[in-house]
Amino acid sequence: MASSSSLSTPVSIDSPSIAKSSGSYMPAFLTTAVSPFTSVYNRISQWRTELDLPNPGTVENLQKEVKNTHLTNFMFDGARADLTKGLSINPAFQVTHSFQLASQTSSPSYNFGAVFANENLFMQGGVDHDGNVNARFNQGWSQTNVSKIQAQFSQTVGHNMIQLEQDYQGQDYSANLKAVNPSPLDLTGIYIGNYLQSVTKNLSLGVETLYQRPTLDVSELSTSYLLKYVGREKDWIATAQIQPLGILQTTYWQKLSEKLEVAAELQVVAAPTRRDAVATLGARYDLRMATFRAQLDSTGKVSALLEQRFAPAFAFLVSGEIDHFKNSAKVGVGVMIESSTLTPEEMGMQQPYAGPA
Amino acid sequence: MPSEETKERIIKAIDLGRTVLHYGWIPFIIYVGYTRSNPQPSLIKLISPLA
């Protein structure tokens, strides 16, 4: 949702930046003993610095531009209202009340959310009318090193989830470790590790390994390979991801002008039991007071979403989707209202401190 | 391997932590946000969607 993403900007813990390692401090005899190794290490790191490769971005954000252009993640049906109230700018603190009804796929729901964020801490919580709570906690230790915790608590057995994550962005690489529902007793759970390395200024390659251990005697390891190619002007990005069992996912994103972005995605499943492919084409127009997304895919779905801002604090959303093969349609309308308890004078006073120091 | 007793204690501790977070996470965020906000908002504005 637009409101929550705009809020997380002052934290900027996700933004890639360059880490510079300084020399180590050791006693003199140790320094002489390990000096061949440190000199080799220093030469390699100096050589790496001279290559001046950019940080490739995180694996999680590999397809971020495409997902932001396509409306799959933004699509809704029925009616919805989001009332966001900003209570403080620095540190950022806001509460959200979301109402949703008349959806074909889900029952009417109410959701209350609260977000608190400052330079290196981000806390978010949401609770729905059934009492299910979701929680996010991010702690940035430095610009490049972030710990994240995500959790879901529910009355229903089996719907509880916790995910621990450590994110590190080096000078020309990104690494990330995740543990989903790790059990301290028998180490069951899902463990994911990924690594993305810049090979040239444009090309970066990566691997992602998933280790699943649902019970003590069952364990499964699967590795997928990633590729990302960024155009010279950073105006186009192509990515590919090969997963085991013959799943290939490729995307292409291009910024055609300041206002227009287009994206294409092709997903191919070539498993022995199932052969399938879905292609999706989408475009996003950013106009002065509106955002318009349109999308067409090979399963016969045509969809569009208009987000029209009538005032800075009031937005109106219309979405529609027609499934030509199934002969069905979905329509959605929504409002997003942002209010603030701060007076304009207070906001003006706060602005100079709003950005990260 | 830890003994059965320790195992049970760990499981109980995890369950307790989960219950505390389930009911306490949102109040905790609101408390932190309310006390650290600048300027401090009034409580009614915090909870009510309309105020």
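Okay, hi everyone. Before the details, know that this is a predicted model, where local features need pLDDT of at least 70, side-chain atom pairs count only at pLDDT 80 or more, and totals for chains, interfaces and linings use all residues. Residues are numbered from 1 along each chain as its sequence is written, chains are lettered from A and ligands numbered from 1 in the order in which they are written, and side-chain values use heavy atoms, with hydrogens and water left out.

Let's start with chain B. You'll find 2 helices and 0 strands there; helices (H or I, at least four residues) and strands (E, at least two) are DSSP runs, numbered from the N terminus. Chain B is more spread out than a compact globule, because its radius of gyration is 18 Å, well over the 10 Å that the globule rule gives for 51 residues. That radius is taken over C-alpha atoms, and the rule is 2.2 Å times the number of residues to the power 0.38. Of the 51 residues in chain B, 22% are buried (buried is under 20% relative accessible area, exposed over 50%, partly exposed in between, with a 1.4 Å probe and protein chains only).

Now hop over to chain A and look for A:Asn55. It sits in the loop between helix H2 (28–51) and helix H3 (64–69). So is A:Asn55 buried or exposed? Buried, with a relative accessible area of 17%. Its side chain makes polar contacts, meaning pairs of N or O atoms within 3.5 Å; within protein, one must be able to donate a hydrogen and the other to accept it, and residues adjacent in sequence count only if both atoms are side-chain atoms. The side chain of A:Asn55 reaches the backbone nitrogen of A:Gly57 at 2.8 Å, and a polar atom of that side chain lies 2.8 Å from the backbone oxygen of A:Gly170.

Last stop, the strands of chain A. Strand E2 (residues 92–101) has 7 of its 10 residues buried, so it is largely enclosed by the rest of the structure. Two strands pair if DSSP finds at least two bridges between them. E2(A) runs antiparallel to strand E1 (residues 78–88), with 9 bridges joining them, and the two form a hairpin with 3 residues between them. E2(A) also pairs with strand E3 (residues 109–117), antiparallel over 9 bridges.
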